[in-house]
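Subject: Structure for you to look at

Hello,

Here is the structure I said I would pass on. My notes follow below it.

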Amino acid sequence: MAFADMREYLHLLEKEGELVRVKKEIDWNLEAGAIACRAQDLRAPAPLFENIKNYPEGFRLFGNTFGPTGPVIQGRVALALGLDKDTPTLEIIDEYSRRLEKPIKPVLVDKAPCKENILSGDEVDLFKLPAPYLHGMDGGRFLGTWHINVIKDPDSDWVNWGTYRHMLLDRDSLGFVANMPQHGPTIYFQKFEARGKPMPMAIALGLDPLCNMAASGMYPAYVNEVDMAGALRGAPVELVKCESCDLEVPASSEIVLEGEVIPERKKEGPFAEFTGYCSSETMSPVFKVKCITFRNSPILPFTCYVKSWNDGGVLTSITVSALLTSVLRKAGFPFKAAFVLPHALVAIISTPVPYPGYVHTLASAIWGAKIGFTRPYLIVVGEDVDVTNAEDVLWCMTTRLHPVAGVQSHRDTACNPLWPFLSRAEKEARQGSKLLLNATFPADWDEADKPLVVDFETGWPAEIKRKVLDQWKDYGY
């Protein structure tokens with residue numbers, strides 16, 4: 001299923017009972033963020049705010065694109081992929097992984113909805129857009145929390161899509177939080193700033209949700225995310241040329257900001273981040289905006305990160321899990337399932353253990369891959385464990401994890417400075433640690449050595465289980 005734009009996706013959400021149109025006047029200053037947070041906590045429909053205080057009629061805010069729902073938390077991700085919203089998590093992951101095998105190149109168009117309004121020169125004023133002040137501890141209004149950054153490598157035809165947060169600094173400037181080793185920041189630091197040149201960049205907001213999915217994927221260098229968006233859509237993404245720079249953006253974007261990252265630093269943050277903790281103030285590169293284009297009655301999307309399930313957590317639980325699954329399959333590892341928990345710091349693998357030391361080989365492959373080395377915690381469990389079931393994983397860890405032999409730490413590894421457990425010195429050095437928790441029974445144990453697991457599947461004869469399932473409603477359930 002390929003959506004023409006974000007609006008088609010919102011129409012589907014509304015049809016499925018996953019969207020609420022909030023017609024009451026809402027303040028961009030904290031109120032919108034608080035409502036979005038509460039909706040996430042309750043796994044309630046996503047809010048579309050249609051009446052923004054101090055902004056013209058028609059300007060709208062939309063939160064919780066992929067926010068948690070029930071009974072399957074990732075139901076909106078399933079809908080975006082054209083699946084039923086009750087599709088089990090591992091089936092969503094498998095479908096996502098399968099589609100990635102067939103990238104589709106984009107097509108260029110001459111006309112686009114995102115060109116309905118064009119502001120350039122002295123007309124550029126970012127305060128004309130209802131950027132929300134989301135959390136009470138944030139350092140300012142954030143215009144870029146749910147979007148794609150378009151950056152072109154100056155030495156090849158590689159165009160990187162990523163998502164890097166942007167705080168509103170003044171009428172034509174945004175902060176650019178650029179953490180190595182993310183691809184876009186790497187291109188900036190190593191190829192533009194190192195050469196004393198500004199970096200052209202565009203920010204596209206309000207997209208077909210599969211474009212956001214592709215931009216959140218941690219693909220290897222020189223893989224164009226727009227091709228992967230085509231793979232997820234089963235159809236090419238339509239792109240249109242920018243007005244002021246040699247870049248191309250999705251034609252159906254609600255809002256596009258064009259400009260360049262300059263070799264200047266300004267204070268940015270703090271900001272409540274994907275980890276569920278507030279990150280510190282930083283000195284970040286500056287994105288100077290030269291042109292703003294937008295649709296009539298534009299919709300500005302945002303995500304409100306909190307410690308519970310949120311947009312980013314829901315999405316990465318599918319995208320990162322699917323990419324990790326693909327990496328392990330292509331490498332030929334025997335495993336059953338891979339799942340990354342909502343804040344993307346913990347990867348859980350269920351697997352057989354074909355030989356002694358296998359778990360360490362598996363861990364090395366995961367941490368050596370682009371998709372894995374920013375996962376500081378790796379939990380390996382038996383193939384009988386449901387990696388998407390926290391209760392099942394915790395049971396396995398507290399009954400099979402040897403307190404000494406099952407725990408291995410790795411020091412001085414590459415890290416993401418946003419990890420909340422890092423010391424100040426580790427953040428500055430960009431070096432942290434990783435932890436492997438091996439909650440599998442040793443490969444050299446005989447079956448007689450392994451304690452018998454007791455659950456509904458193993459605890460009763462087949463005829464009793466069948467009778468109970470067939471007569472379940474007759475028992476009054």
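Asn310 caps the N-terminal end of helix H8, with a side-chain oxygen 3.2 Å from the backbone nitrogen of Gly312. Please keep in mind that this is a predicted model.

H8 itself covers residues 311–330, 20 residues in total. From first C-alpha to last, H8 reaches 29 Å, close to the 28 Å expected at 1.5 Å a residue. The helix has a kink of about 25°, centred on Ser317. Most of H8 is covered, with 17 of its 20 residues buried. After the helix comes Gly332, which has a positive phi, near 80°.

The other item is a sheet. Four strands form an open sheet in the order E1-E2-E3-E18, and the pairing is mixed. Its edge strands are E1 (19–22) and E18 (299–302), each of which pairs on one side only. On average, neighbouring strands in this sheet are turned by 20° against each other, direction ignored.

E1 and E2 (residues 46–49) run parallel and are joined by four bridges. Within this pair, Val22 stands opposite Phe49 in E2. Helix H2 (residues 31–41) packs on the sheet, where it touches E2, E3 (60–63) and E18. The direction of H2 makes about 155° with that of E2.

If you want a place to start, look at the H8 cap at Asn310, then follow the helix to the kink centred on Ser317.

Regards

Note on methods. Residues numbered from 1 in each chain as written. Predicted model: local features only at pLDDT ≥ 70, side-chain atom pairs only at ≥ 80, totals over all residues. Heavy atoms only, no water. Helix = DSSP H or I, 4+ residues; strand = E, 2+ residues; numbered from the N terminus. Expected span 1.5 Å × (residues − 1). Bend = angle between axes of the 7 residues up to and from the residue. Buried < 20%, exposed > 50% of the residue type's maximum accessible area, 1.4 Å probe, protein only. Polar contact = N/O pair within 3.5 Å; in protein donor to acceptor, adjacent residues only side chain to side chain. Pairing = 2+ DSSP bridges. Axes fitted to C-alpha atoms, helices over the stretch in contact; angles between N-to-C directions. Contact = heavy atoms within 4.5 Å.
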